Amino acid sequence: MFCLSKKVDYALTALAYLAERPERVASAREISRILKLPGALLMNILKQLQQREILQSTRGVKGGYKIACDLRQVSLFDLMRFVECEHGKADHEAGPEGQCACDDCKGYELQLARSSSQGPVQALHFKLIRFLKDVKLSDLVLPGQRIDVPLDGLGFSKKPARVALV
């Protein structure tokens, strides 16, 4: 089964929080406290997103983060690369079209695609990569633009389950 890492999950959750408050900054502590996310890890993720110019940071007592880019231009695949890579922005500017030039990120797509030597699984991986590149962050975090997910499609019933009390 394909799963997103906790870092990507936390990044998306924090971006959704910030997208709901576009006119103000929110500190990492505020986001961590309200969303019940681990503070130290979230701070690192927000810093990485700031280095990639997805977020803008403001220093000081009333400082924090706010969205700095058009989330319709950033793919889920890009976000995954950004939060999984441990290198700074300078390494990422050296590549073509602003892509990361570090070996970790250059190989990220190939690593995903080559995780199996079997043809059908490789075909599936390439399809998944294409999908991840097609899904934009705005599809996932912007209010009013999020992809609708029907609850019945997730296996949830519309009626609450009855529980027998013994």
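Q: Which residues have the most contacts inside the largest nonpolar core?
A: They are L15, I31, L46, L49, L76 and L79, in a core of 35 residues. Such a core is a set of buried Ala, Val, Leu, Ile, Met, Phe, Trp, Tyr and Cys residues joined through side-chain atoms within 4.5 Å, with buried meaning under 20% relative accessible area (1.4 Å probe, protein chains only).

Q: And which helix gives the largest share of this core?
A: That's α1, with ten residues.

Q: Before I go on, what kind of model is this?
A: It's a predicted model, where local features need pLDDT of at least 70, side-chain atom pairs count only at pLDDT 80 or more, and totals for chains, interfaces and linings use all residues. Residues are numbered from 1 along each chain as its sequence is written, and side-chain values use heavy atoms, leaving out hydrogens and water.

Q: Back to L46: what is it in contact with, leaving aside neighbours within four places in sequence?
A: L46 touches A14, A28, I31, L55 and Y65, where contact means heavy atoms within 4.5 Å.

Q: New topic: which charges lie over the face of a ring?
A: R21 lies over Y17, at 3.7 Å from the ring centre, and K133 lies over F77, at 5.2 Å. The rule wants NZ of Lys or CZ of Arg within 6 Å of the ring centre and within 35 degrees of the ring normal.

Q: Last one: how much of the protein chain is buried?
A: Buried residues make up 33% of its 166 residues.

Note on methods: Buried means under 20% relative accessible area, exposed over 50%, partly exposed in between (1.4 Å probe, protein chains only). Helices (H or I, at least four residues) and strands (E, at least two) are DSSP runs, numbered from the N terminus.
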